[in-house]
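Visitor: I am new to this structure. Please take a close look at one part, the surroundings of the ligand.

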Amino acid sequence: MKIGIDRITFATTDRYLDLRELAAARGVDPNKYLIGIGQSEQAVIPPTQDAVTLAAQAAAKLPAADLARVTTLIVATESGVDNSKASAIYVKQLLGLSDFVRTIELKEACYSATAGLQFARGQVALNPSEKVLVIASDIARYGLGTGGEVTQGGGAVAMLVSANPRVLEIGNHSVALSKDLMDFWRPLGHSEALVDGKYSTQVYIDFFQQCWQQFRLQTGASLADFSALLFHLPFTKMGKKALASELGERDDADAQRLWAALAASQVYGRRVGNLYTGSLYLGLLSYLNHGAAAAGDQLGLFSYGSGAEGEFFTGRLVAGFADYVDHPDAALDQRQAVSVAEYERLFNAQLGMDSADVAFDLDADPAPFVLAGRKDQKRQYQRNNH
Ligand code: HMG
């Protein structure tokens with residue numbers, strides 16, 4: 001049975017920071033951010049948005065008829081809003097899904113949406129009528145003035161997984177690798193991640209190479225079998241480093257095709273920043289909309305989550321896939337630019353780890369779903385009324 005992604009949608013916030021302005025404010029050469037890191041803009045997150053509302057925003061872009069058929073909802077996130085309750089339950093409520101839906105949250109840094117897709121495939125294999133909604137939703141926060149600040153971002157990617165998918169048939173063979181490492185983590189009680197930045201980039205490349213070489217060994221695959229290699233993109237330069245670790249100085253037809261595909265996969269990430277769990281899948285969407293993607297093509301996907309876990313897996317594009325993928329270019333163009341001072345104000349206004357009651361000003365956020373505040377230690381989510 002063919003199982004995979006039947007539809008894919010993406011949502012982020014309505015405002016962004018131009019990283020040339022951040023560079024000026026931090027006293028850094030803008031080319032370090034634009035070329036050295038490979039990021040030009042960053043999603044700015046108002047306090048009325050979090051992993052739950054962003055997940056609902058992305059999923060609400062799916063046709064109502066598809067949402068009505070969802071049997072399991074998986075939210076993959078490392079920006080969870082509760083130590084016990086799954087974000088998926090809030091998301092299910094905001095979306096108005098049936099109560100007879102299985103809801104769960106998954107965590108392993110940026111990797112967990114891939115686990116979500118694999119679990120969804122298992123669910124559909126057991127019962128082909130199942131429609132599993134996997135949402136990868138996160139806000140990447142390192143802190144003002146930190147080394148990781150330029151790689152912040154946020155947003156969500158929603159993927160409907162079904163039998164006979166209309167976008168991407170996911171291959172049965174994959175290689176997963178996990179090791180206990182401290183490259184990036186967020187201790188309990190912290191709202192910002194801690195990171196050993198340079199080490200994290202080395203571990204990422206090592207995991208890519210180990211997963212890919214093992215996959216080649218087990219399947220006999222070669223680069224010629226893939227029209228694109230897609231990577232988790234915490235910042236776009238990371239994809240370049242990973243692909244270069246395989247291609248080196250090669251300039252043959254395979255290398256040229258894979259470099260062009262990588263460039264197409266980086267278009268959205270460059271404008272939004274790190275989505276953590278959603279970054280690989282935003283790269284997939286970006287490639288589908290901006291690359292030379294064609295029905296029948298095989299894609300290689302490398303998922304990485306710090307801590308650390310990696311997986312190399314494959315997908316084959318289905319004829320007519322373009323009709324079932326989101327086209328977020330116009331929404332990205334329409335976002336409002338904010339100043340560094342406004343970005344810093346909004347960064348500091350995010351709901352922290354304390355327990356005080358808060359009521360946010362909802363007039364400033366036109367998104368369909370908002371976090372209205374916190375009352376009696378309970379988050380208050382609602383559909384936006386304007
Ligand atoms: P840094 O110290 O700010 O930057 O850290 P740098 O000094 O290493 O410079 C970065 C690049 O800019 C270098 O190029 C410089 O040469 C270049 P590279 O050697 O890397 O090719 N550069 C310039 N280029 C052009 N013009 C200039 C210029 N100046 C310098 N004027 C770092 C960078 C990425 C480490 C930092 O931003 C960071 O810690 N980020 C967060 C961690 C991260 O994203 N790690 C990625 C791998 S781990 C991962 O992907 C998992 C993750 O998503 C979390 C999860 O799983 O949940 C993070």
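Guide: In sorting residues by class, Ala, Val, Leu, Ile, Met, Phe, Trp, Tyr, Cys and Pro count as nonpolar, Asp, Glu, Lys and Arg as charged, and the others, Gly among them, as polar. By that scheme the shell around the ligand holds 11 nonpolar, 12 polar and 6 charged residues. This is a predicted model, in which local features need pLDDT of at least 70 and side-chain atom pairs count only at pLDDT 80 or more, while totals for chains, interfaces and linings use all residues. Residues are numbered from 1 along each chain as its sequence is written, and side-chain values use heavy atoms, with hydrogens and water left out.

The ligand is surrounded by 29 residues, the closest being Glu78, Cys110, Lys237, Lys241 and Ser306; a residue is near a molecule if one of its heavy atoms lies within 4 Å of it.

Next come the polar contacts, meaning pairs of N or O atoms within 3.5 Å. Asp29 places a polar side-chain atom 3.0 Å from a nitrogen atom of the ligand. A polar backbone atom of Gly147 is 2.9 Å from an oxygen atom of the ligand. For Lys237, a polar side-chain atom lies 2.8 Å from an oxygen atom of the ligand. Taken alone, the ligand exposes 1,100 Å², and the protein buries 74% of that; accessible areas come from the Shrake-Rupley method with a 1.4 Å probe.

Helices (H or I, at least four residues) and strands (E, at least two) are DSSP runs, numbered from the N terminus. Helix 7 provides the largest share of the shell, 5 residues.

At the level of domains, whose bounds come from an automatic or database domain assignment, the ligand lies between domain 1 (3-167 + 326-383) and domain 2 (169-321), because both give residues to the shell around it.

The peptide bond from Gly307 to Ala308 is cis, with omega near 5 degrees.

Definitions and conventions:
A polar contact is a pair of N or O atoms within 3.5 Å; within protein, one must be able to donate a hydrogen and the other to accept it, and residues adjacent in sequence count only if both atoms are side-chain atoms.
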